Amino acid sequence: MTGFNHLREFAKYASLNVLGMVGLSCYILADTFFVSQGLGTNGLAALNLAIPVYSFIHGSGLMTGMGAATKYSIQKGQANHERANRIFTNAAYLAAALALFFVLTGSFFSGALASFLGADNNTFAMTQTYLQVLLLFSPAFLTNNLLLCFVRNDGAPQLSMAAMIGGSLGNIVLDWVFIFPCRMGIFGAAFATGLAPILSILILSPYFFRRQNQFHLRKCRPTARLLGGILSSGVPSLIAEVSSGIVMIVFNALILSLAGNVGVAAYGVIANLSLVVLAIYTGIAQGVQPLLSRSYGSKQYDAISALLRYAFLSTLVLSGIIYLVIFFGASQITSIFNSEQNVTLQKIASEGLRLYFIACPFAGCNLLLSIYFTSTDRPAPAHVISLLRGFLVLIPMALFLSAVGAIRGVWCAFPATELLVAAVGLFLFFLSQRKKKFPSRKKPG
């Protein structure tokens with residue numbers, strides 16, 4: 001395959017997946033906008049307190065879908081079709097088990113979870129309602145993530161994109177209908193979000209009715225080896241999502257102590273815009289993943305180098321554009337979500353946007369490196385990158401910088417962390433390239 005063909009395939013998969021991921025991230029962004037307009041600062045704060053749970057659900061779906069689809073593509077590249085189908089079946093078992101856990105949590109522990117996340121008398125009822133609805137719809141979220149990843153790896157990225165965008169557009173329309181004409185409040189926002197993955201699955205369904213899919217359920221028991229392989233490849237995706245939820249919990253607690261509910265609402269604007277920006281990088285990384293896994297399975301190493309080069313260049317160019325838009329448009333972006341024209345919220349969020357999103361190129365680099373290592377069946381470096389940026393560096397960095405620089409320190413913790421982890425990630429990448437060029441020699445005998 002020529003370099004032009006590699007570029008064309010990359011452009012097709014990456015662009016379609018970026019569009020789909022941005023559409024998918026608009027689940028929460030639409031909620032943020034309509035809740036801010038309909039329910040004010042307390043509604044926005046309640047939504048921000050509940051969003052970490054969405055990250056846990058979405059991360060679990062990505063862990064199952066991305067982990068299994070990566071293994072599936074490698075097996076397809078090696079023409080092991082029966083094992084590829086067993087991987088899909090085991091992924092379905094795992095998704096069902098996770099869905100049961102989330103549904104039970106939503107049924108019996110949503111109130112305790114709302115309190116744990118920091119809801120006070122002004123935000124508790126709305127936070128609990130949003131959490132409960134999200135958790136009860138978790139089977140739809142998990143099924144949708146699993147099918148989206150497999151359809152993309154099955155050679156139908158256009159359909160995967162259409163399903164993601166279709167679900168998000170449906171969510172936006174239903175958000176407006178439920179919050180304003182129907183006056184359903186926070187329940188309406190959560191209900192609209194819960195229906196979005198169902199719409200996405202309906203868009204995917206003709207692919208299966210027409211029997212276009214090359215992956216199928218097989219009558220087999222779940223095996224520790226296949227489940228372990230899925231988890232090993234999928235954990236970096238889980239950590240990336242779950243860490244954003246845990247970081248939001250930590251940031252919410254820090255900001256609550258520094259600036260109260262108004263500060264949490266301001267962080268809601270930044271965090272939800274961050275979901276969209278990170279979705280662009282995730283779209284590039286997940287878009288190139290099927291191509292990397294397929295090339296690795298069929299031992300086309302030149303293709304891997306070319307695809308990775310295109311992905312890095314795209315990430316850097318987009319990072320420059322994104323930061324310029326945010327830097328010069330920070331006040332206008334904040335105003336969209338500041339329906340009460342709260343002066344304090346406007347000031348905190350505008351300054352926060354300009355500091356927080358300095359992280360753009362470094363975050364994009366880290367997500368891409370993590371997917372690269374996973375796609376080429378080397379999960380250990382991907383785990384290191386994900387753990388460092390998700391827990392081991394970011395949380396201590398936030399605690400330290402908030403003590404030194406108050407709320408400005410909180411905003412700077414994210415770019416400082418991504419910069420340090422990018423340095424580690426690039427070191428691991430160049431180390432892996434050197435090992436490929438200079439393989440260790442075994443002693444004779």
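Predicted model: local features only at pLDDT ≥ 70, side-chain atom pairs only at ≥ 80, totals over all residues.
## Nonpolar surface patch

L313, V317, L318, I321 and V325 together form a nonpolar surface patch of about 440 Å². One of the contributing residues, L318, belongs to helix α9, which spans residues 301–337. L318 has a relative accessible area of 30% and is therefore classed as partly exposed.

The largest cavity holds about 560 Å³ of space. Its lining comprises 37 residues, and those closest to the centre are A240, E241, S244, L278 and T282.

At least two residues of the lining of the largest cavity come from each of α1, α8, α11 (360–375), α12 (379–392) and α13. Helix α8 gives the most, with 17 residues. Sorted by class, the lining of the largest cavity contains 21 nonpolar, 13 polar and 3 charged residues.

## The largest pocket

The largest pocket has a volume of about 170 Å³. Its lining is made up of V53, F56, F101, F102, T105, L113, F116, L117, L135 and I249. In terms of class, 9 of the residues lining the largest pocket are nonpolar and 1 is polar, while none is charged.

Helices α1 (3–77), α2 (81–108) and α3 (110–116) each provide at least two residues of the lining of the largest pocket. The largest share, 3 residues, is supplied by α2.

## Salt bridges around E82

The structure contains 5 salt bridges. E82, R86 and R218 are joined in a network of such contacts. E82 counts as partly exposed because its relative accessibility is 39%. R86, at 35% relative accessibility, is likewise partly exposed.

The side chain of E82 also meets that of R218 in a salt bridge, at 3.4 Å from N to O. This pair links distant parts of the chain, since R218 lies in the loop between α7 and α8 and E82 in helix α2, 136 residues apart. R218 is classed as partly exposed, given a relative accessible area of 32%.

## The E351–R408 salt bridge

A further salt bridge is formed by E351 and R408, whose closest N and O atoms are 2.6 Å apart. This pair, too, links distant parts of the chain: E351 is in helix α10 (residues 343–356) and R408 is in helix α13 (residues 394–437), 57 residues apart. With a relative accessibility of 26%, E351 counts as partly exposed.

Most residues other than glycine have a negative phi.

R183 has a positive phi of about 50 degrees although it is not a glycine. R183 is situated in the loop between α6 (157–179) and α7 (185–209). Its relative accessible area is 72%, so R183 is classed as exposed.

R211 also has a positive phi without being a glycine, with a value near 55 degrees. R211 is found in the loop between α7 and α8 (224–297). R211 counts as exposed because its relative accessibility is 75%.

## A14 and its separation from Q132

A14 is part of helix α1. At 5% relative accessibility, A14 counts as buried, for which the cut-off is under 20%. The C-alpha atoms of A14 and Q132 are separated by 34 Å, and the two residues are 118 residues apart along the chain.

Technical notes. Residues numbered from 1 in each chain as written. Heavy atoms only, no water. Patch = residues over 30% accessible without salt bridge, like charges linked within 9 Å, V, L, I, M, F, W, Y side chains within 5 Å. Areas by Shrake-Rupley, 256 points an atom, 1.4 Å probe, with all protein chains shown as cover. Salt bridge = Lys/Arg side-chain N within 4 Å of Asp/Glu carboxyl O. Helix = DSSP H or I, 4+ residues; strand = E, 2+ residues; numbered from the N terminus. Buried < 20%, exposed > 50% of the residue type's maximum accessible area, 1.4 Å probe, protein only. 1 Å grid on protein atoms, 1.4 Å probe; cavity = no way out; pocket = protein on both sides within 12 Å on 5 of 7 lines; lining within 4 Å. Points joined across faces, edges and corners; volume = space filled by probe spheres on them. Nonpolar A, V, L, I, M, F, W, Y, C, P; charged D, E, K, R; others polar.
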